[in-house]
Each structure stands twice: as structure tokens, then as C-alpha cells.
Amino acid sequence: QVQLVESGGGLVQPGGSLRLSCAVSGSAFSINAMGWYRQAPGKQRELVARINSGGNTNYADSVKGRFTISRDNAKNTVYLQMNSLKPEETAVYYCNASVPLVVWGQGTQVTVSS
């Protein structure tokens with residue numbers, strides 16, 4: 001079966017950076033859109049960034065100019081470069097992929113704290 005595994009989360013100080021990775025494994029091919037979402041305690045899961053098969057990107061307004069989503073189709077991997085992180089962005093970050101059915105990863109914890 002198709003599985004998504006996130007990595008790269010951890011503890012970072014305010015203003016710091018992290019790079020998240022999400023690798024798709026299994027019998028997936030013809031991956032369409034891939035995206036990153038996050039869920040903070042007591043809040044709904046929200047879209048952070050998404051990239052489609054043509055390389056077009058979509059970002060939440062709150063992260064524009066600071067986060068960059070990219071993908072390596074040969075490795076079936078999507079990345080999220082996060083710069084200038086803020087404490088309120090502490091959350092579990094999840095990736096998903098349309099293969100073409102949407103599959104979710106388990107998430108990786110990002111904690112922004114001094």
C-alpha cells in the first residue's frame with residue numbers, strides 16, 4: 001500500500017528554520033498534488049502549502065514569503081522549507097498526496113520555543 005512518512009521536525013528557537021521532508025513509498029505512481037498541513041492543539045488542521053504536478057504552488061497567507069514547498073518527482077518526495085519560524089507555528093505538520101486518491105502521513109512535530 002502507499003505510505004507517506006514525514007521527517008525533519010524538532011525543536012527550534014523563534015526565528016529559526018527547519019526543512020521537512022515527506023517521502024511516498026509503495027506502489028504509487030502518477031502523483032498529482034502534494035501538500036503540507038498543520039494542526040496546533042485546539043485548532044483545526046489547516047493548509048500550509050501545496051504543489052501540483054505542474055509545479056504550481058499555493059500557500060497560506062500567513063506563511064507566504066517565509067515557507068517554500070518543492071518536490072522531487074524522481075524521489076517521490078515533497079519538501080517544506082520553513083524560515084523565520086514563530087512560536088504560534090508550533091504544530092504537528094502532515095503531508096498528503098493525491099495518488100490519485102488522497103493519502104495522509106502520520107505527521108511530524110514542530111515546536112517553536114525559546
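Which residues have the most contacts inside the largest nonpolar core? Here are my notes, bearing in mind that this is a predicted model.

1. **The core.** The residues in question are W36, V48, I69, L80, M82 and Y93, and the core they sit in has 30 residues. Two or more of its residues come from each of β3, β4 (34-39), β5 (46-51), β7 (67-72), β8 (77-82), β9 (91-98) and β11 (108-112). As background, nonpolar side chains in soluble globular proteins tend to be buried together.

2. **I69 up close.** Setting aside anything within four places in sequence, I69 is in contact with M34, G35, W36, A49, R50, I51, T57, Y59, V78, Y79 and L80. Two of those partners, W36 and L80, are also on the list of residues with the most contacts inside the core.

3. **Overall fold.** Along the principal axes, the C-alpha atoms fill a box of roughly 40 × 25 × 25 Å. Take the contacts between residues at least 6 apart in sequence, and 52% of them join residues at least 24 apart.

4. **Surface and charge.** Of the 114 residues, 42% count as buried. The accessible surface is about 6,100 Å², with 46% of that belonging to carbon and sulfur atoms. On the charge side, there are 10 positive and 6 negative side chains, and the centres of the two sets lie 3 Å apart.

5. **S25.** This serine is in strand β3 (residues 18-25). S25 counts as partly exposed because its relative accessibility is 33%, between the 20% and 50% cut-offs. Not counting residues up to four places away in sequence, S25 touches Q1, V2 and Q3. As for N52, 27 residues apart from S25 along the chain, the two C-alpha atoms are separated by 18 Å.

6. **Backbone spots to check.** The peptide bond from V99 to P100 is cis, with omega near -10°, and P100 is in the loop between β9 and β10 (102-104). N76, in the loop between β7 and β8, has a positive phi near 50° without being a glycine. S84 is another non-glycine with a positive phi, about 50°, and is found in the loop between β8 and β9. How exposed are they? N76 is partly exposed, with a relative accessible area of 24%, and S84 is partly exposed at 39%.

How values were computed. Residues are numbered from 1 along each chain as its sequence is written. This is a predicted model: local features need pLDDT of at least 70, side-chain atom pairs count only at pLDDT 80 or more; totals for chains, interfaces and linings use all residues. Side-chain values use heavy atoms; hydrogens and water are left out. Helices (H or I, at least four residues) and strands (E, at least two) are DSSP runs, numbered from the N terminus. Buried means under 20% relative accessible area, exposed over 50%, partly exposed in between (1.4 Å probe, protein chains only). Contact means heavy atoms within 4.5 Å. Accessible areas come from the Shrake-Rupley method with a 1.4 Å probe; for residues, only the protein chains shown count as cover. Lys and Arg count as positive and Asp and Glu as negative; His and the chain ends are not counted. The place of a charge is taken as NZ of Lys, CZ of Arg, CG of Asp or CD of Glu. A nonpolar core is a set of buried Ala, Val, Leu, Ile, Met, Phe, Trp, Tyr and Cys residues joined through side-chain atoms within 4.5 Å.
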